[in-house]
Amino acid sequence: MYAIVEINGQQFKAEQGKKLFVHHLKDVEAGKTVEFDKVLLVDNDGAVTVGAPTVEGAKVLVEVVNPLVKGEKVIVFKMKRRKDYRKKNGHRAQFTEVEVKQVIA
């Protein structure tokens, strides 16, 4: 059984026991349970239920494993040739690591 759930504007395939890296969730602590009810699709052993826009009564329960994980550093380099223009910038995305405990449909 799995579900397609929307978390912070992104869609994830949630199966029991699977670990996900989602965009940083504010005000969560390690070990806490968080509930997401924006379930777009549920597959229960071949019986697929598609929501319009969400599936009624379906939700995904996740446990926060690590509240703040930093992603890989991304380098942004801008340059215009022969104009003496160079800009080097970078950033690291922040994620929250969660583990799917239960898919309720």
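Q: Where is D45 placed, and what makes its phi angle worth noting?
A: In this predicted model, D45 sits in the loop between strand 5 and strand 6. Its phi is near 55°, a positive value in a residue other than glycine.

Q: Why is D45 called exposed?
A: The relative accessibility of D45 is 70%. Exposed requires over 50%, so D45 counts as exposed.

Q: What is the phi of N8, and where is N8 found?
A: N8 has a phi near 50°, a positive value in a residue other than glycine. This residue is found in the loop between strand 1 and strand 2.

Q: Why is N8 called partly exposed?
A: Its relative accessibility is 46%. The term exposed is kept for values over 50% and buried for values under 20%; N8 therefore counts as partly exposed.

Q: What makes the peptide bond between A52 and P53 a cis bond, and where is P53?
A: Omega is about 0° for the bond that joins A52 and P53. P53 has its place in the loop between strand 6 and strand 7.

Q: How do you know which secondary structure elements the protein has?
A: The assignment gives 0 helices and 8 strands. Read along the sequence, the pattern is β-β-β-β-β-β-β-β.

Q: What is the strand order of the open sheet, and which are its edge strands?
A: The open sheet of 4 strands has the order 2-1-5-6, with antiparallel pairing. Strand 2 (10-15) and strand 6 (47-50) are the edge strands, as each pairs on one side only. From one strand to the next the twist averages 20°.

Q: How do you know that strand 1 and strand 5 pair?
A: Pairing requires at least two bridges, and 4 bridges join strand 1 (residues 2-7) to strand 5 (residues 39-44). The two strands run antiparallel. A3 has V42 as its bridge partner in strand 5.

Q: Why is Q11 called exposed, and which residues is Q11 in contact with?
A: Q11 has a relative accessible area of 55%, and the limit to pass is 50%, so Q11 is exposed. The residue lies in strand 2. Leaving aside neighbours within four places in sequence, Q11 is in contact with I4, V5, E6 and L40.

Q: How many salt bridges does the structure hold, and what makes K59 and E35 one of them?
A: The structure holds 4 salt bridges. The closest N and O atoms of K59 and E35 are 3.7 Å apart, and the criterion is within 4 Å, so the pair qualifies. K59 lies in strand 7 (residues 59-80) and E35 in strand 4 (residues 33-36), so the pair ties together parts that are 24 residues apart in sequence. K59, at 26% relative accessibility, counts as partly exposed, and E35, at 44%, also counts as partly exposed.

Q: Why are E63, E99 and K101 described as linked in a network?
A: The side chains of E63 and K101 meet in a salt bridge at 3.5 Å, N to O. E63 lies in strand 7 and K101 in strand 8, so this pair ties together parts that are 38 residues apart in sequence. K101 also meets E99 in a salt bridge, at 3.9 Å. Both distances are within 4 Å, and the three residues are therefore linked in a network of salt bridges.

Q: Why is E97 not assigned a salt bridge?
A: The nearest side chain of opposite charge, K19, is 4.2 Å away. A salt bridge needs a distance within 4 Å, so E97 is buried yet has no salt bridge. E97 lies in strand 8 (residues 85-104). Leaving aside neighbours within four places in sequence, its contacts include K19, L20, F21 and E63.

Definitions and conventions
Residues are numbered from 1 along each chain as its sequence is written. This is a predicted model: local features need pLDDT of at least 70, side-chain atom pairs count only at pLDDT 80 or more; totals for chains, interfaces and linings use all residues. Side-chain values use heavy atoms; hydrogens and water are left out. Buried means under 20% relative accessible area, exposed over 50%, partly exposed in between (1.4 Å probe, protein chains only). Lys and Arg count as positive and Asp and Glu as negative; His and the chain ends are not counted. Contact means heavy atoms within 4.5 Å. Axes are lines fitted to C-alpha atoms, for helices over the stretch in contact, and angles run from 0 to 180 degrees between N-to-C directions.
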